[in-house]
Amino acid sequence: MVIDLFGNIVDWGGIFLQVAFSKLKTIFIRLFILIGVLITILWLSIFFYASFYWLYMPSASHIRPVYFKFDVCPEGAGICTFPQANLTFGEDGREEILHKGQAYRIYLELEMPESPTNRGMFMVRLQMYDKKGTVIQQSDRAAILHYRSVLLRTMYTLVFAPFFLAGLDEQKQVVDIELFNHYVDDLVDSAVGAIIQIQTKKIEIYSSKIKIFADFTGLRYYMFYWPKFSAVSGIVGNFTFLAFMALLSWYQYSQKDTVEEEEFVPMMRRMSLDVRRQRIREQLERERGAAADSSSPEDEEETTVKSFVESHDYQGSHDYQESHGIQDESLGEMAAVEDDDIVLMSSDVMLPGSDDSNRLRLRRPSNIEAVL
């Protein structure tokens, strides 16, 4: 009895350790997967925000030099045509630097000497054209150098004379001409280049540049002027969305594991019952062997007769009982134990006669446990 109890405790302990190890293994696997998923979601959030920023945000500014050309007079000196420059937006016109639907401010910067020739007003024209060469928008602006009196020019020359002599400074002015204050590129016919024309023949220019600045509004305004706040907000938003989707997937995976665990526990219990049945069988075999060793010859003969009687076909015995009026006092009881275990309880078969003393009583062996 003690040995059986100890064996059951060992079996249940092994099953408990096996289940506990399985659960710990599942917990570590889930923890590793969770950390990996969180790191992956974080990098995906950063990648998605960077990709969105690169696709949604245009360049804030474009500054390019402008080179004017003109026709020389037949005398070989002087300008006979208006200075004009053709500017393409991109490398060989294949790349459009203006984002469709975005507002821009366009400036022309002229670096001009303070010479007598430049003392006067002049006109600047800007024409935006599409791929077909058709002018889609045009702007005309007037410009002039800032006026300085003779006294002011003299004082300025005397003060900055050392710098002028050293070549560190020049007597020049920089004129910024606003050609467009709200230029929006057409969604269908976008501009691929511009023609800049200065409508005067009496002008002297050191250098010139065209400046294009994006006028951001709405979300682009915050993404450009508040880059850190926008980046944190965008990454957190992406992380929340991806984490929610991952949480749904994790829930489905956990539900599947729960169903498998519920199917695993009855299987372990069934395995425990099989072990117990095997132990009971072995115990019965030992008891039978001990009883056979300690039995006398008369007991062996009686056992042989009983085995012979019990080996008869049940159907023939039943027909004999019906034909001779044999009455079953008790046909026994069968109890189902753990699905397939059947226990045959003791029963008496009695032959009806004149009185109880003349009745023939056949006793069947009792307390026989048959395990199917």
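Lys172 forms a salt bridge with Glu111. Their closest N and O atoms are 2.5 Å apart in this predicted model. The pair links distant parts of the chain. Lys172 belongs to strand E6, residues 172-184. Glu111 belongs to strand E3, residues 103-113.

Glu111 has a relative accessible area of 18%, so Glu111 is buried.

## Other salt bridges

How many salt bridges does the structure hold? There are 5. One of them joins Glu114 to Arg148, with the closest N and O atoms 2.9 Å apart. This pair, too, links distant parts of the chain. Glu114 sits in the loop between E3 and strand E4 (122-129). Arg148 sits in the loop between E5 and helix H2 (150-159). They are 34 residues apart. Arg148 is partly exposed, because its relative accessibility is 24%.

Another salt bridge joins Arg125 and Asp140. Here the closest N and O atoms are 2.7 Å apart. Arg125 is in strand E4 and Asp140 is in strand E5, 15 residues apart. Arg125 has 26% relative accessibility, so Arg125 counts as partly exposed. Asp140 has 30%, so Asp140 counts as partly exposed.

## The sheet with E3 and E6

Strands E3 and E6 belong to an open sheet of 4 strands. The order is E1-E8-E3-E6, and the pairing is antiparallel. Which strands stand at the edges? They are strand E1 (61-65) and E6, and each pairs on one side only. Neighbouring strands of this sheet are turned by 15° against each other on average, direction ignored.

E3 runs antiparallel to strand E8, residues 207-214. The two are joined by 8 bridges. Ile106 stands opposite Ile212 in E8. In E6, we also find Val174. Val174 counts as partly exposed because its relative accessibility is 44%. The C-alpha atoms of Val174 and Pro113 are separated by 8.7 Å. Along the chain, these two residues are 61 residues apart.

## The sheet with E4 and E5

Strands E4 and E5 belong to another open sheet of 4 strands. Its order is E2-E7-E4-E5, with antiparallel pairing. Strand E2 (84-88) and strand E5 (135-143) stand at the edges. Each has a single partner strand, so one side of each is left without a neighbour in the sheet. The twist averages 15° from one strand to the next.

What is the partner of E2? E2 pairs with strand E7, residues 193-198, in the antiparallel sense. The pairing runs over 5 bridges. Thr88 has Gly193 in E7 as its bridge partner.

In a regular strand, side chains alternate between the two faces of the sheet. Which residues of E2 make up its covered face? Ala85 and Leu87 do. The uncovered face of E2 has Gln84, Asn86 and Thr88.

## The disulfide

A search of the whole structure finds 1 disulfide. Cys73 and Cys80 form this bond, with their sulfur atoms 1.7 Å apart. Is Cys73 buried or exposed? Cys73 has 14% relative accessibility, so Cys73 counts as buried. Cys80 is partly exposed because its relative accessible area is 24%. The cut-off for buried is under 20%.

Ile39 has 47% relative accessibility, so Ile39 counts as partly exposed.

Definitions and conventions
Residues are numbered from 1 along each chain as its sequence is written. This is a predicted model: local features need pLDDT of at least 70, side-chain atom pairs count only at pLDDT 80 or more; totals for chains, interfaces and linings use all residues. Side-chain values use heavy atoms; hydrogens and water are left out. Buried means under 20% relative accessible area, exposed over 50%, partly exposed in between (1.4 Å probe, protein chains only). A disulfide is a pair of cysteine sulfur atoms within 2.5 Å. Two strands pair if DSSP finds at least two bridges between them. Axes are lines fitted to C-alpha atoms, for helices over the stretch in contact, and angles run from 0 to 180 degrees between N-to-C directions. A salt bridge is a side-chain nitrogen of Lys or Arg within 4 Å of a carboxyl oxygen of Asp or Glu.
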